[in-house]
Amino acid sequence: MHTKSVIKPANLPHHHEVNTGVTTILPRKEWFKQGCYASYYRFNGSGEMTGSHWIDESGLLNSPIIITNSFGVGACYNGVYEYARKYYKDEKGICDWFLTPVIAETFDGWLSDIGAMAVQSSDVVEGIENASSDPVPEGCTG
């Protein structure tokens with residue numbers, strides 16, 4: 001698991017500080033080629049999680065699980081593809097595989113300027129590359 005916080009000072013062109021980020025959970029080290037059984041639980045109908053329809057259909061997870069803010073879902077989705085393209089394209093540079101990224105969101109607009117669109121796809125690539133099986137530190141450590 002890897003967590004990266006994106007914090008920007010309030011003097012940037014948004015209404016208050018940005019305190020958001022990306023949490024990357026790898027179900028296993030070789031998640032791309034070796035899926036694992038998966039399911040999920042909907043706590044409420046408001047939050048979005050991409051890739052849930054594939055889990056419903058196949059019962060498998062072949063993606064990292066990325067957790068971010070509501071406005072960061074698209075950047076995170078792209079980040080999973082950027083990582084997979086970097087490491088899993090064939091020798092001709094062709095991507096001939098199927099992948100449905102699992103990105104879960106939560107609204108952190110009370111804590112952060114969600115409209116600043118601070119989460120970038122590179123945050124996800126970094127998260128996947130730096131994920132570790134070390135115990136997760138407690139507190140504000142991101």
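## Close-up views of a predicted model

**View 1. Strands 5 and 6 run parallel, joined by 5 bridges.** Strands pair here if DSSP finds at least two bridges between them. This is a predicted model, so local features need pLDDT of at least 70 and side-chain atom pairs count only at pLDDT 80 or more, while totals for chains, interfaces and linings use all residues. Residues are numbered from 1 along each chain as its sequence is written, and side-chain values use heavy atoms, with hydrogens and water left out. Look for Ile 65, whose bridge partner in strand 6 is Val 102. Strand 6 is largely enclosed by the rest of the structure, because 4 of its 5 residues are buried. (Buried means under 20% relative accessible area, exposed over 50%, and partly exposed in between, with a 1.4 Å probe and protein chains only.)

**View 2. Strand 5 also pairs with strand 2 (residues 18–25), and these two run antiparallel.**

**View 3. Strand 5, helix 2 and strand 6 form a right-handed β-α-β unit.** Right-handed means that, with the strands pointing away from the viewer, the path from the first strand over the helix to the second runs clockwise. Helix 2 spans residues 73–88, and Asn 78 sits in it. Asn 78 is partly exposed, at 44% relative accessible area. Asn 78 and Ser 122 are 44 residues apart in sequence, and their C-alpha atoms are 9.0 Å apart in space. Zoom out and the chain has 3 helices and 6 strands, in the order β-β-β-α-β-β-α-β-α from the N terminus. (Both are DSSP runs numbered from the N terminus: helices are H or I with at least four residues, strands are E with at least two.)

**View 4. The second largest pocket has a volume of about 300 Å³.** Its lining includes Tyr 40, Tyr 41, Arg 42 and Phe 43, along with Ala 104 and Glu 105. Sorted by type, the lining has 5 nonpolar, 3 polar and 3 charged residues. (Ala, Val, Leu, Ile, Met, Phe, Trp, Tyr, Cys and Pro count as nonpolar, Asp, Glu, Lys and Arg as charged, and the others, Gly among them, as polar.) On a 1 Å grid over the protein atoms alone, a pocket is an open set of points with protein on both sides within 12 Å along at least five of seven lines, for a 1.4 Å probe; lining residues have an atom within 4 Å of a point. Points are joined across faces, edges and corners, and the volume is the space filled by probe spheres set on them.

**View 5. Met 117 has a positive phi of about 50 degrees, though it isn't a glycine.** Most residues other than glycine have a negative phi. Met 117 is in the loop between strand 6 (102–106) and helix 3 (121–130), and is partly exposed at 47% relative accessible area.
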